[in-house]
Amino acid sequence: MDPELIKDCVHCGFCLPSCPTYVLWGEEMDSPRGRIHLMSQHVEGTPITPEMAGHFDACLGCMACVTACPSGVQYDRLIEQTRAEVEREHVREPRERAVRGLVFGLFPYPRRLRALRPTLGLARRLQPLLERAHPSLGAMIALAPVPGRRQRLPGRVRAVGERRAVVGMLTGCVQNEFFPQVNAATARVLAMEGCEVVIPPHQGCCGALSVHSGRDDQARRFAKRTIRTFERAGVDTVVVNAAGCGSSMKEYAELLADSPEWAGRARALRTVDLAEWLAELGPVAERHPLPVTVAYHDACHLAHAQGIRAQPRELLRGVPGLSLRDIPESDLCCGSAGTYNIFEPSAARDLGDRKAERVRSTGAQLLVSANPGCTMQIAAAMRRAGGEIRVAHTAEILDASLRGVSPSFLDAAGGKPRS
Amino acid sequence: MLAELIGRLGEVLEPEAVITDPVRLRTYECDGLTYHRATPGVAVLPENAEQVAGVIRLCNEYGVPFVARGSGTGLSGGALPRTDGVLIVTSKMRAIVEIDLPNRRAVVEPGVTNLAITEAVRDQGYYYAPDPSSQQVCSIGGNVAENSGGAHCLKYGFTVNHVEACEIVTPDGDIVTLDRADPGYDLLGAFIGSEGTLGVTTKVTVRLSRTPEAVTTVLAAFENIEQGGEAVSAIIAAGILPAAIEMMDALAIAAAEAAVACRYPENAGAVLIVELDGPSAEVERQFALLSQICSKAFELRVAEDPAERAAIWRGRKSAFAAVGRISPAYIVQDGVVPRTSLPEVLAGIDSLSREHGIKVANVFHAGDGNLHPLVLFDDTEPGAGERAEIVSGRILDLCIEHGGSITGEHGVGVDKARYMPRMFTDADLDTMQLVRCAFDPRGLSNPGKIFPTPRLCGEVPGVRKGVHPLVESGKAEQF
């Protein structure tokens with residue numbers, strides 16, 4: 001942990017109300033200010049105690065505090081350094097180690113995720129058993145959506161009309177396996193807006209889950225592989241439709257700072273979020289009406305980590321007939337936060353319930369977000385409360401509007417088994 | 001004693017509401033003023049008044065001191081814990097109990113943040129008027145303890161003007177309600193601003209105000225601070241009572257710019273933020289006058305909508321913490337001078353700054369002469385901290401010399417206790433102690449704050465010898 005970064009904190013407490021765990025529990029140790037205090041204790045020589053590790057683990061990494069901080073404390077870097085330190089120094093209980101091993105051996109590997117798809121039905125039936133074995137396993141099953149039909153994407157999608165740009169597209173792990181329709185929509189929207197889309201096969205994980213969990217070595221390995229993949233594909237801009245992946249890829253240069261060569265290669269590759277890119281490009285394709293009321297959810301890794309709040313709203317407002325509603329308390333994390341809802345299921349559940357209530361208060365028919373994790377989390381919370389809400393990615397809305405079709409997500413409720 | 005008390009806290013609280021782990025406890029070692037630190041003997045997180053009372057009764061049984069803490073944003077060390085005592089943290093008591101719009105009141109628990117009250121009633125056209133810069137995080141319980149103000153107290157007054165009643169736990173553990181409407185002594189008036197020395201607030205009935213019909217926020221940029229100061233005096237002299245008049249000097253503007261990119265006019269030596277509110281016709285008339293008065297301003301920017309208003313205020317409200325961007329360490333000072341002395345005092349601060357080689361950024365509630373000089377220093381430079389401390393103290397001397405006060409709104413706490421004798425005579429301080437003793441004869445409630453040295457019964461009951469000077473002089477009677 002960098003003492004210089006810690007010193008930036010002047011202990012004003014402006015971060016407190018922005019922090020989801022402080023909102024839940026009201027305890028200093030589970031606020032950004034308190035966690036920074038714990039970090040400074042560690043820097044001064046206090047070993048990482050299980051209590052200390054627990055407070056770091058409880059941080060969602062949502063970065064709302066970075067937005068709130070007037071002193072410019074780089075909490076994002078601090079918590080990443082801290083998590084890596086926790087992984088190095090702190091010995092977790094065997095049961096916890098096993099579950100972590102399972103998650104990190106599974107999620108960043110699309111092929112392993114794919115192999116799991118046929119077993120989901122059985123796992124759902126065994127959920128109470130798994131829940132008893134470990135709450136994290138129960139949470140995993142409860143969150144898993146019914147995956148959309150697999151759609152094979154071509155390696156290259158030609159631009160419709162005049163070609164305005166050539167971009168690479170990240171397919172992601174969870175997005176690709178559980179929400180393949182989102183990737184298909186993203187490619188179509190890009191093409192219809194005049195982009196030639198290069199989609200390298202066998203992309204693998206970008207490393208977001210690893211970097212957000214202190215698994216630095218794994219993260220660096222994934223980062224290098226992703227950079228290499230897109231270099232080979234011959235693109236210098238990569239469009240990402242998952243907020244968590246995009247924010248990590250934008251920080252590749254910092255992650256790989258130890259190697260000037262790799263840091264340079266990371267900087268040469270520009271990562272953009274889909275909404276950011278489309279807003280920058282400006283619309284050319286005709287928008288067809290889509291009469292639907294939409295609540296837009298700010299994914300933390302889009303709003304706080306990338307500062308992208310206006311662009312998705314602007315894109316949605318550009319769809320004729322679409323009515324956009326803001327969700328109260330939109331700055332507060334939904335509790336998904338990468339693997340958080342698996343490792344900290346109880347806090348994640350409370351935050352999910354809180355978010356579901358706010359989403360319901362908008363009376364919207366459809367929940368739109370730009371992160372697969374948030375979508376799964378909020379849909380699961382709505383189900384728990386006995387309601388359902390249809391969910392979609394910004395890309396799917398645009399896709400439906402650009403093609404002028406009645407979108408499938410308006411027929412089926414989110415996450416409900418489709419026949 | 002403390003160990004025995006800790007053993008019995010389970011009678012009052014759930015186990016997870018008692019913090020004894022040293023690593024976790026240390027996170028409570030200071031509030032917003034990090035200069036003073038003390039790890040509490042134990043911290044408790046009660047959820048209701050009964051639990052607070054239970055803890056305080058135990059403190060009485062064992063003679064253990066206690067300190068209350070809300071969000072820990074205080075700037076005078078008022079919530080500095082006692083290593084030999086209990087820290088009572090109210091951050092779990094944050095329910096809005098009742099909103100009574102017809103009677104313009106709300107009842108809230110002490111851990112509710114100042115801004116949360118406004119947010120709860122804003123859609124209905126109401127708000128809670130006092131607005132300290134930390135309003136999104138500071139707790140209403142802390143506001144009561146410090147009698148917090150804010151930018152808008154020029155027109156609307158401090159916390160004391162907006163609280164109707166408080167349920168408190170007295171230092172001997174009774175739950176009582178102090179109500180403005182009660183006949184007899186204004187005990188509520190005495191309690192608000194007592195910095196935790198007269199008891200712990202467990203419920204606050206606040207007054208809600210109607211959102212004004214019109215609000216106009218003006219940002220006026222001046223070449224230098226003197227021109228800004230003149231404009232302030234002229235505004236008040238013209239009979240305008242703005243909701244707020246705030247001033248920032250070039251250094252403070254630079255910090256705010258670095259922190260929140262507030263986009264204040266470039267090359268301004270000072271900016272004034274003037275907010276006019278009230279009925280539309282009145283605001284329009286005042287604005288016309290204001291524009292004339294600010295003729296020396298090289299730019300006059302008017303916020304057209306709430307977003308632009310928020311943008312203007314963002315720079316001002318983030319100023320304290322923003323200074324972290326331009327200086328590794330700093331002291332936030334809080335003093336008051338008569339408005340007419342502003343130019344002289346500012347010149348005095350400037351020469352102090354040059355004499356000691358310590359930069360001072362100025363942010364202040366110009367309308368009521370409440371200065372917030374930010375004394376900047378590099379804590380890694382040997383001796384810089386000491387010089388900053390000297391400058392900071394001398395600024396308060398300046399305020400006193402000009403007939404002002406050592407604190408406008410941050411309170412005395414532990415930080416300014418030593419300056420109290422510069423402002424008050426021994427007899428004054430003794431009189432204050434008599435009030436304190438009436439509430440807290442054993443001196444268990446936040447001891448060591450406000451008063452420089454233990455005197456009278458407050459700290460050591462019964463040791464006082466002889467007659468109190470006020471009693472002697474026939475000005476007071478002891479019952």
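**A walk through chains A and B**

Of the 419 residues in chain A, 60% are buried (under 20% relative accessible area; exposed is over 50%, partly exposed in between, with a 1.4 Å probe and protein chains only). This is a predicted model: local features need pLDDT of at least 70, side-chain atom pairs count only at pLDDT 80 or more, and totals for chains, interfaces and linings use all residues. Residues are numbered from 1 along each chain as its sequence is written, chains are lettered from A and ligands numbered from 1 in the order in which they are written, and side-chain values use heavy atoms, with hydrogens and water left out.

Start with chain A. Its secondary structure comes to 25 helices and 9 strands (DSSP runs numbered from the N terminus: helices are H or I with at least four residues, strands are E with at least two). The radius of gyration is 21 Å, close to the 22 Å of the globule rule for 419 residues, so chain A is as compact as a globular protein of that length. That radius is taken over C-alpha atoms, and the rule is 2.2 Å times the number of residues to the power 0.38. Among contacts in chain A with a separation of 6 or more, 76% join residues 24 or more positions apart (contact means heavy atoms within 4.5 Å).

Now zoom in on A:Asp298. It sits in the loop between strand E6 (292–296) and helix H20 (300–303) of chain A. A:Asp298 is buried, with a relative accessible area of 6%. Its side chain makes a polar contact of 2.7 Å with that of A:Arg313. Such a contact is a pair of N or O atoms within 3.5 Å; within protein, one must be able to donate a hydrogen and the other to accept it, and residues adjacent in sequence count only if both atoms are side-chain atoms. A:Asp298 also touches residues including A:Ile308 and A:Ser330.

Turn to chain B. Here 5 strands form an open antiparallel sheet, in the order E5-E6-E10-E8-E9 (strands pair if DSSP finds at least two bridges between them). Strands E5 (96–100) and E9 (175–179) of chain B are the edges, each pairing on one side only. The twist averages 15° from one strand to the next. Angles run from 0 to 180 degrees between N-to-C directions, and axes are lines fitted to C-alpha atoms, for helices over the stretch in contact.

Helix H3 (residues 49–62) of chain B packs on this sheet, at about 50° to E8(B). Helix H4 (residues 114–121) of chain B lies across E5, E6 and E10, at about 45° to E5(B). E5(B) and E6(B) are joined by 4 bridges.

Key:
Lists of a residue's contacts leave out its neighbours within four places in sequence.
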